[in-house]
Structure formats: structure tokens, C-alpha cells
Amino acid sequence: MAFNILDLLKSQLGGQIAGQLGKQFGESETTAKAGVDALIPTILGGLLKQVSSPGGPEKLDKTIKEGGYDGGLLDGLSGMLTGGGADKLSGKGGDLVSSLFGDKAAMLMPILSKLTGLKLDSVQSMLAMLAPLVMSFLGKQQKAMGLDANGLANMLISQKDSISAALPPGVSDAMGIAGLGTPAPAASRPAPVASAPSSSGSGVLPKAS
């Protein structure tokens with residue numbers, strides 16, 4: 001069955017949640033929604049880059065397990081985005097953003113601010129609040145689908161085309177993920193030369209044009 005991470009995330013984090021974030025940071029609901037629509041694929045792009053690197057699948061798996069990202073953060077979102085809940089979420093998210101983007105974060109923030117119309121401070125705060133929610137979503141999917149580290153990585157890589165298409169202009173290049181699409185290393189298989197594995201590689205790479 002077709003599975004689109006972006007659509008599922010936006011259905012959970014768009015609408016009312018965007019409105020709450022807008023009020024919290026002094027942004028209009030329209031601008032806040034544009035921010036959510038840009039920041040979610042940006043976070044997924046950072047994760048895609050991570051799991052396509054050596055040791056990346058294991059790093060993501062460890063982060064999910066040690067961070068307790070099992071889907072619980074997605075319950076009662078409205079209350080979590082205000083007061084102490086918001087501060088706790090931002091605290092967790094700050095570390096995630098640093099881990100995902102490193103020194104590229106300083107370059108990304110102004111680009112995202114200009115593209116979405118959000119204030120720079122709003123971009124930073126919203127990115128920190130959304131990152132743990134995205135991780136919680138992935139952890140929930142990993143548990144539900146019974147995926148190990150490489151299975152989760154390949155699930156992310158199978159979404160490469162939709163993630164790349166949703167990234168705001170300039171963000172892909174700034175993050176260094178333009179043209180990214182190498183499948184995560186399988187635990188015990190040599191890399192295929194001419195074709196992708198039928199079990200998990202189907203649909204991962206676009207057809208040659």
C-alpha cells in the first residue's frame with residue numbers, strides 16, 4: 001500500500017497545531033502553516049542524509065530508543081505546545097537540530113525565514129519543537145512495522161522523491177543532500193550492481209530520464 005510520510009505528518013501537525021504555533025510565536029496562522037510545510041521536509045531531509053551515511057541507520061535507531069520516541073509525544077499535542085510542555089519539547093528538539101544539521105543550521109535558518117515569511121527566531125523555535133514530533137512519529141512507525149535500524153533507514157529512503165520535491169528551494173543544496181539517493185547499507189548483503197533488492201528497493205530510485 002502506498003505510504004507517504006509527509007502526508008501523514010502534515011495531517012497530524014498541520015491545521016490547528018500550526019495555528020497554535022503561530023499564536024505562540026506571534027505569527028499568522030497562514031505563515032505558521034507555511035513554516036510547518038517547509039520545516040517538516042527539512043527535518044526529514046536531514047534524517048535522509050543521516051541514514052544514507054555510514055553508521056547513520058544505527059545512529060537514528062539509537063536516538064529513537066534513547067530519546068523514548070515511541071509516539072507518545074503525538075498524544076495530547078495541543079497541551080504540549082503551550083507552557084512547560086513547549087519548553088520541554090524545545091529542549092529535546094534543540095539537541096536534535098544540532099545533531100541533524102550541525103554547522104549548516106546557521107545557513108539554513110535565514111533561507112527558511114525568507115522563504116516562509118517567518119521571523120528568524122520563529123524558525124529556530126518551530127524547528128526545535130517539530131523535530132521531536134517527527135522523531136516520535138518515526139519511532140511509532142518503526143514499532144508498528146517491526147523495523148530494525150536498516151529497515152527504518154530504507155523506509156525513509158523510499159520516501160526520497162517526495163521529501164526532495166517538498167524541500168523549499170535552496171534548502172537541499174544548503175544541507176548537502178542534492179542528488180542523495182543511495183540506499184542504507186544492508187546488514188548482511190553486498191550492494192547490488194545493476195538493480196535494487198526487490199524487498200525494499202522497489203520505487204526508491206527514480207527511473208532514468
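By class, 4 nonpolar, 5 polar and 3 charged residues line the second largest pocket; Gly counts as polar here, and Pro as nonpolar. This is a predicted model, where local features need pLDDT of at least 70, side-chain atom pairs count only at pLDDT 80 or more, and totals for chains, interfaces and linings use all residues. Numbering starts from 1 along each chain as its sequence is written, and side-chain values use heavy atoms, with hydrogens and water left out.

The pocket's volume is about 150 Å³, taken as the space filled by probe spheres set on the grid points. A pocket is an open set of points on a 1 Å grid where a 1.4 Å probe fits, with protein on both sides within 12 Å along at least five of seven lines; lining residues have an atom within 4 Å of a point. Among the lining residues are K49, K59, K104, F101 and M175.

| Element | Residues |
|---|---|
| α3 | 29-51 |
| α4 | 56-67 |
| α6 | 83-101 |

Zooming out, the chain has 11 helices and 0 strands (DSSP runs of H or I, at least four residues, and of E, at least two). Of its 209 residues, 46% are buried, meaning under 20% relative accessible area with a 1.4 Å probe.

Now for the core. The largest nonpolar one (buried nonpolar residues joined through side-chain atoms within 4.5 Å) has 57 residues, with L21, L44, L47 and L138 making the most contacts inside it. Helix α8 (residues 120-145) supplies its largest share, 11 residues. Leaving out residues up to four places away in sequence, L21 touches V36, L81, M126, M129 and L130, a contact being heavy atoms within 4.5 Å.

Methods
Buried < 20%, exposed > 50% of the residue type's maximum accessible area, 1.4 Å probe, protein only.
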